Amino acid sequence: MIYLELFLTFLKIGALSFGGGYGMISLIREEVSSFGWLTEEELINFIAVSESTPGPIAVNMATFIGSSQGGILGAFIATLGVVLPSFIIILVIAAVLKNLLKYAGVKATLDGISPAITGLILGTAIIMLLGSVFGVKTTENTFLFDWKGLVILGVLTTIYLIYYKARKKAFSPILLIIISGAMGVLFYM
Amino acid sequence: MKKYLKLFLIMLKIGLFTFGGGYAMIALLEYEFVTKRKWINNDEFTDMVAIAESTPGPIAINSATYIGYKMGGVLGSLLCTIAVCIPSFIIIYLISLFFNAFIHIQWVTAAFRGIQICVIFLILSAGIKMLIKIKKTVFNIIVMVATIVCMILMSVFAVDFSSIFYILISGVLGLSIYLIKLLISKKKKGNGNDIS
């Protein structure tokens, strides 16, 4: 039953992902690949779409994956699943447990989680990088180095750092996506 | 009734105009609710952000639900949450209908090979930003390094190990260390009392 699978998977993602959109990616990546809903490449493509369209990344991903697996009803159910835990948890906190975050035990638990989230995001990025630039996916894969990918990465890093040094703020992610798309056309056509 | 409609429309607008996820939305929410309309004061807003960041789920949804409740109870929170999702839902649903055909156009495929690198760069830079911000305690460094190393090893050897476990284990670790410290400090106090 695809609808139930979608609902439960996104319920789990909504209930257990901390640290916003990027904190969710490691979990979404595992779930999506274990069900065979999207390939790694399709997932990364879609993260780019989520980043360049308005709205929360998590909702965008749920809608897209839901739609690709079960049409508009699938999209609706997956979105409902990812939003529901937030809605309930926040409602309970706002209405009843106003001081929840001030309890030392809760704070200690959340403080314990935060380095793991940082680790998960960095780990996901490194694994994706190994997979797409260096061609290492598992031990069985052959080593396929993509120097063009490395050049693109270098250009993006340079732009980002120079802009940050000059303006003290982050370069627009959408512009970075457009620049890398143009380089993609130039390099891979 | 008018208030609910207004709340709904503001959230719809915010959902439509925030690019780049939760943190971008927080800036817009602050402008609409604190600066422009003064419906929520600064302290309350700061509390809201702390709660939205540390509870699970999308930060945007967490903030919308919280503000909705503050402004109009359960109905308010329901309206705000739905409103903030509607634009995303419609836009992404429409994209999903055409995306597969679109991505197979030759130059689009090429462009997306470049864009994939950019996505990885964006994830990496989000991680590095968190790395810079986090307190460099022994606990944090150990958990972070252990998570990264484990993840890479699991991935290279194709072992299934869900991210959920990293989150649960580190949460339990954080709590246990706190409880042990509490126990030790109580014991010390207890001993002190015995002697006196």
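# Two chains and their interface

The area buried between chain B and chain A is about 8,200 Å², and carbon and sulfur atoms give 79% of that area; buried area here is the accessible area (1.4 Å probe) that two parts lose on being put together, summed over both. This is a predicted model, in which local features need pLDDT of at least 70 and side-chain atom pairs count only at pLDDT 80 or more, while totals for chains, interfaces and linings use all residues. Residues are numbered from 1 along each chain as its sequence is written, chains are lettered from A in the order in which they are written, and side-chain values use heavy atoms, with hydrogens and water left out.

**The interface**

- On the side of chain B, 87 residues are in contact (heavy atoms within 4.5 Å) with 100 residues of chain A.
- Between chain B and chain A the count of salt bridges is 0, a salt bridge being a side-chain nitrogen of Lys or Arg within 4 Å of a carboxyl oxygen of Asp or Glu.
- The residues with which chain B touches chain A divide into 57 nonpolar, 25 polar and 5 charged, where Ala, Val, Leu, Ile, Met, Phe, Trp, Tyr, Cys and Pro count as nonpolar, Asp, Glu, Lys and Arg as charged, and the others, Gly among them, as polar.

**Two packed helices in chain B**

- The helices α4(B) and α5(B) pack at an angle of about 100°, with their axes 7 Å apart, and that makes α4(B) roughly perpendicular to α5(B) (65 to 115 degrees).
- In this contact, Phe99(B), Phe102(B) and Ile103(B) of α4(B) meet Val108(B), Thr109(B) and Phe112(B) of α5(B).
- The residues of the contact divide into 5 nonpolar, 1 polar and no charged.

- Chain A has 7 helices and 0 strands; helices (H or I, at least four residues) and strands (E, at least two) are DSSP runs, numbered from the N terminus.
- Along its principal axes, the C-alpha trace of chain A spans about 55 × 45 × 35 Å.
- Glu40(A) forms a salt bridge with Arg29(A), the closest N and O atoms being 2.9 Å apart.
- Glu40(A) lies in helix α3 (residues 40–52) of chain A and Arg29(A) in helix α2 (residues 20–35) of chain A, so the pair ties together parts that are 11 residues apart in sequence.

Methods
Axes fitted to C-alpha atoms, helices over the stretch in contact; angles between N-to-C directions. Parallel < 35°, antiparallel > 145°, perpendicular 65-115°, else oblique.
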